[in-house]
Amino acid sequence: MSDTPLPVCIIGAGSSGVAAAKALKQAGIAFDCFEIGSAIGGNWRYENDNGLSSAYRSLHIDTSRKNLQYPDFPTPDDWPDFPSHWQVMQYLEAYAERFGVLPHIRFHSTVTDVAPEAGNWRVTLQGGESRLYRAVLVANGHLWDARWPSFPGQFDGEQIHSHDYKTAAPFEGKHVLVVGLGNSAVDIAVDLCRRAASVQLSTRRGAWIMPKYILGIPTDRWSAFLIRKLKLPTIVARAIVSKLMYLTVGDQERYGVKKPPHPMWREHATISQELLPYIGHGWITMRQNPRELRGDKVLFADGIEARVDAIIHATGYHTSFPFLKPDIFSVRDGEPVRLYRRMLSAAHAGLYFVGLVQPIGATIPLVEIQARWLAAVLAGRIALPDRAVMDAEITAHHAGVKRRYVNSARYTLEVDFRDYAGALRTDMAAGKTG
């Protein structure tokens with residue numbers, strides 16, 4: 001019998017899966033990576049043939065270039081502050097090429113089932129092929145399974161989810177309602193407003209609107225300076241940024257954008273440089289939440305009725321794993337996710353998740369730290385604690401999220417970049433967790 005351990009399986013080759021592949025390769029751990037599409041990139045590949053990308057043609061990342069990058073692979077110095085999705089894809093492709101992970105990826109490979117088997121994991125592909133692995137790293141993303149709202153009444157026009165929005169061209173000359181006030185909703189409304197006959201943007205509870213620049217400097221660089229250089233707590237840093245933001249854009253309610261009833265540090269702000277000016281110019285009209293659909297009109301919560309030809313629902317996503325049975329693992333909105341260090345299934349040894357986080361801060365450098373942590377665990381360089389310690393850590397994390405953030409499905413996967421990255425780095429330095 002061979003003493004060679006079984007390989008590891010990675011599911012997905014987006015920014016998280018590629019980072020995991022690089023970390024495992026550098027740690028000398030054998031692995032296979034399965035990607036449903038024909039190329040890497042996941043959500044960042046516009047019109048990805050895996051059918052899962054939510055990227056639209058005008059998409060630019062909301063994280064500035066220097067905060068976007070993997071720690072050991074800087075972005076080009078001649079790039080703009082906020083790269084387009086095409087540039088992010090160039091970056092991911094260069095990263096994969098630089099660290100030699102492409103030969104380890106099997107494209108056009110759909111995983112249909114992942115199940116425990118005698119202390120290992122049986123991974124089955126579409127077509128019936130199956131392989132046995134000692135561990136599975138799930139990196140299939142969580143921005144593809146569209147969440148749709150339900151409104152009373154009947155609508156006669158076109159309805160799509162923001163997941164399927166690509167360009168403004170199909171909405172030329174139409175009266176369009178965008179439901180939601182997150183980043184995608186605002187980006188799409190801005191993209192539409194110069195081609196549609198009218199654009200209305202509805203919100204249920206409002207949001208803080210944060211500009212991309214404050215005093216000519218990307219806003220997230222202010223946050224990074226306050227947190228990393230001055231060592232201020234994240235809550236304090238965000239409170240300072242909110243004051244700077246007010247000096248830059250003033251009172252957003254003057255534009256008709258409702259403010260939440262809680263301070264900005266309790267939620268994710270919506271990032272947009274254009275929304276408030278476009279409202280001020282009359283290109284976008286703010287509305288309250290739809291109360292009823294009435295054929296070619298929509299009745300809003302404040303009693304206003306307006307003509308609408310098309311509705312775009314920018315209402316978020318379910319977190320789904322079609323290859324995992326619910327009794328093995330699932331994520332339900334608002335409920336604690338039972339993952340130690342937001343990655344490791346406490347109930348099922350060998351099942352890990354990469355990128356299943358919604359950070360205050362940038363995602364790409366965070367998943368690189370996750371990937372190195374997982375590689376250290378799989379290489380035996382980090383000793384994991386027992387189940388009781390894991391359960392206690394999970395409970396403490398979710399208690400902290402509940403105290404800090406508003407009660408919303410959006411914060412099911414929330415982490416604070418600095419605190420979370422610090423904990424992972426401490427684990428790697430100490431060679432143990434708990």
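The legends below describe close-up views of one predicted model. Residues are numbered from 1 along each chain as its sequence is written, and side-chain values use heavy atoms, with hydrogens and water left out. Since the model is predicted, local features need pLDDT of at least 70 and side-chain atom pairs count only at pLDDT 80 or more, whereas totals for chains, interfaces and linings use all residues.

View A. Helices (H or I, at least four residues) and strands (E, at least two) are DSSP runs, numbered from the N terminus. In helix α4 (residues 183-192), seven of the ten residues are buried, so the helix is largely enclosed by the rest of the structure; here buried means under 20% relative accessible area, exposed means over 50%, and partly exposed lies in between, with a 1.4 Å probe and protein chains only. The buried residues of α4 are Ala185, Val186, Asp187, Ile188, Ala189, Val190 and Leu192. Among the elements that cover them are the strands β11 (175-179), β12 (198-203) and β17 (284-288), together with helix α7 (275-280).

**View B. Ile279 in helix α7.** Ile279 is found in helix α7, and at 11% relative accessibility it counts as buried. Leaving out residues up to four places away in sequence, Ile279 touches Tyr255, Val257, Ile284 and Met286, where contact means heavy atoms within 4.5 Å. Ile279 and Arg372 are 93 residues apart in sequence, and from C-alpha to C-alpha they are 44 Å apart in space.

**View C. Arg342 in a loop.** Arg342 is placed in the loop between β23 (339-340) and β24 (344-345), and it counts as buried at 8% relative accessibility. Its side chain reaches the backbone oxygen of Leu339 at 2.9 Å. When neighbours within four places in sequence are left aside, the residues in contact with Arg342 include Phe353, Leu356, Glu393, His397 and Tyr420.

**View D. Two aromatic pairs.** Rings of Phe, Tyr and Trp (its six-membered ring) pair if their centres lie within 6.5 Å, and planes under 30 degrees apart count as stacked, over 60 as edge-to-face and the rest as tilted. By this rule the count comes to 17 aromatic pairs. The ring centres of Phe34 and Tyr133 are 6.4 Å apart and their planes stand at 80°, so this pair is edge-to-face. The pair links distant parts of the chain, with Phe34 in strand β2 (residues 31-34) and Tyr133 in strand β6 (residues 130-133), 99 residues apart. Both Phe34 and Tyr133 are buried. The rings of Phe73 and Tyr95 are also edge-to-face, because their centres are 5.7 Å apart and their planes are at 75°. Phe73 lies in the loop between α2 (65-68) and α3 (85-98), while Tyr95 lies in helix α3, so the pair ties together parts that are 22 residues apart in sequence.

View E. Ring pairs link Tyr70, Phe73, Trp79, Tyr91, Tyr95 and Phe99 into a cluster. Within this group, Phe73 is buried with a relative accessible area of 15%, and Tyr95 counts as buried at 0%. The charged end of Lys22 sits over the ring of Phe99, 4.7 Å from its centre; a charge sits over a ring if NZ of Lys or CZ of Arg is within 6 Å of the ring centre and within 35 degrees of the ring normal.

Technical notes: Polar contact = N/O pair within 3.5 Å; in protein donor to acceptor, adjacent residues only side chain to side chain.
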